[in-house]
Amino acid sequence: MTDDRASGYRTILGEADEALDERLSAELDRVNAEATVGVPPQRELTVQVLDAQGELAAGVSGWTWGVAAGIGLTWVREESRRDGLGTWLLEEFEAEARARGCTHVFVTSFTFQAPGFYERHGYRELFRWEDLPTPGAADVHLRKEL
């Protein structure tokens, strides 16, 4: 068996690398733009809920691209949970996604996070990866039609 690394390539292992992430994102953006001519590029979409003191009480961060929207991160501070802030976040996110022409939203949630929350708000489980990130847990992938 030949070792392809002898041809001049090498591997670098590491931790977080902002420059690498930026380069990969730029390269993938180029490929995506070529494959989706006429579709506006992906846009970030965030919603923040601030308390009376201007502190972050809840937030969601995601994207829209073509007819799809995706939620990447959702968080509600512990003492504000069950105050309806999560519902408020979803409503605002989904309304803006609709305004941008999206017809559906994707989200993932570990079983120890909030898949039931999303299901109560009309999201439907598409599939799950079992034993991720630990045995007995799962990464649940959901979708909602807007």
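At 31% relative accessibility, Glu-96 counts as partly exposed. In this predicted model, the side chain of Glu-96 meets that of Arg-100 in a salt bridge, with 3.0 Å from N to O. Arg-100 is likewise partly exposed, its relative accessible area being 21%. From this pair the description turns to the sheet, then to the core, and finally back to charged side chains.

The sheet is open and has 6 strands in the order 1-2-3-4-6-5, with mixed pairing. Strand 1 and strand 5 (124-130) stand at its edges; each has a single partner strand, so one side of each is left without a neighbour in the sheet. From one strand to the next the twist averages 20°. Strands of a sheet pair through backbone hydrogen bonds, in either a parallel or an antiparallel manner.

Both kinds of pairing can be followed along the sheet. Strand 1 (residues 43-50) pairs with strand 2 (residues 56-65) in the antiparallel sense over 8 bridges, and Arg-43 stands opposite Thr-64 in strand 2. The two strands form a hairpin with 5 residues between them, and Gly-54 in the turn has a positive phi of about 85°. Strand 2 is joined in turn to strand 3 (residues 68-76) by 8 bridges, and these strands also run antiparallel. Here Gly-62 stands opposite Ile-71 in strand 3. Strand 2 and strand 3 form a hairpin with 2 residues between them, where Gly-66 in the turn has a positive phi of about 60°.

Val-67 is found in the loop between strand 2 and strand 3. It is partly exposed, with a relative accessible area of 45%. Leaving aside residues up to four places away in sequence, Val-67 touches Gly-101, Cys-102, Thr-103 and His-104. Val-67 and Ser-25 are 42 residues apart in sequence, and their C-alpha atoms are 20 Å apart in space.

The bridge partner of Ala-69 in strand 4 is Val-105. Helix 2 (residues 85-99) packs on the sheet, touching strand 1, strand 2, strand 3, strand 4 and strand 6 (138-145), and its direction makes about 160° with that of strand 3.

Strand 6 is the place of His-141. This residue is buried, because its relative accessible area is 13% and the limit for burial is under 20%. Among the residues that His-141 touches, not counting those up to four places away in sequence, are Val-107, Arg-124, Phe-127 and Trp-129.

What lies in the interior? In soluble globular proteins, nonpolar side chains tend to be buried together. The largest nonpolar core here has 22 residues, of which Ile-71, Leu-89, Phe-93, Tyr-118 and Tyr-123 touch the most other members. Strand 1, strand 2, strand 3, helix 2, strand 4, helix 3 (115-120) and strand 6 each supply at least two residues of this core. Its largest share, 5 residues, comes from helix 2.

Tyr-123 is buried, with a relative accessible area of 3%. Its contacts, not counting residues up to four places away in sequence, include Ile-71, Leu-90, Val-105, Tyr-118 and Leu-142. Tyr-118 also counts as buried, at 5% relative accessibility.

A search of the whole structure finds 4 aromatic pairs. In one of them, the rings of Phe-110 and Phe-112 have their centres 5.2 Å apart and their planes at 10°, so the pair is stacked. Phe-110 is partly exposed at 24% relative accessible area, whereas Phe-112 counts as exposed at 52%. The rings of Tyr-118 and Tyr-123 have their centres 5.5 Å apart and their planes at 75°, so this pair is edge-to-face. Ring pairs link Phe-117, Tyr-118 and Tyr-123 into a cluster.

The salt bridges number 9. One of them joins Asp-51 to Arg-77, the closest N and O atoms being 3.0 Å apart. Asp-51 lies in the loop between strand 1 and strand 2 and Arg-77 in the loop between strand 3 and helix 2, so the pair ties together parts that are 26 residues apart in sequence. Arg-77 counts as buried at 17% relative accessibility. The side chain of Arg-77 also meets that of Glu-79 in a salt bridge, at 3.5 Å from N to O, and Glu-79 is exposed, with a relative accessible area of 60%. Elsewhere, Arg-23, Glu-27, Arg-30 and Glu-34 are linked in a network of salt bridges.

Terms used:
Residues numbered from 1 in each chain as written. Predicted model: local features only at pLDDT ≥ 70, side-chain atom pairs only at ≥ 80, totals over all residues. Heavy atoms only, no water. Pairing = 2+ DSSP bridges. Helix = DSSP H or I, 4+ residues; strand = E, 2+ residues; numbered from the N terminus. Axes fitted to C-alpha atoms, helices over the stretch in contact; angles between N-to-C directions. Contact = heavy atoms within 4.5 Å. Buried < 20%, exposed > 50% of the residue type's maximum accessible area, 1.4 Å probe, protein only. Core = buried A, V, L, I, M, F, W, Y, C linked by side-chain atoms within 4.5 Å. Phe/Tyr/Trp six-rings, centres within 6.5 Å; stacked < 30°, edge-to-face > 60°. Salt bridge = Lys/Arg side-chain N within 4 Å of Asp/Glu carboxyl O.
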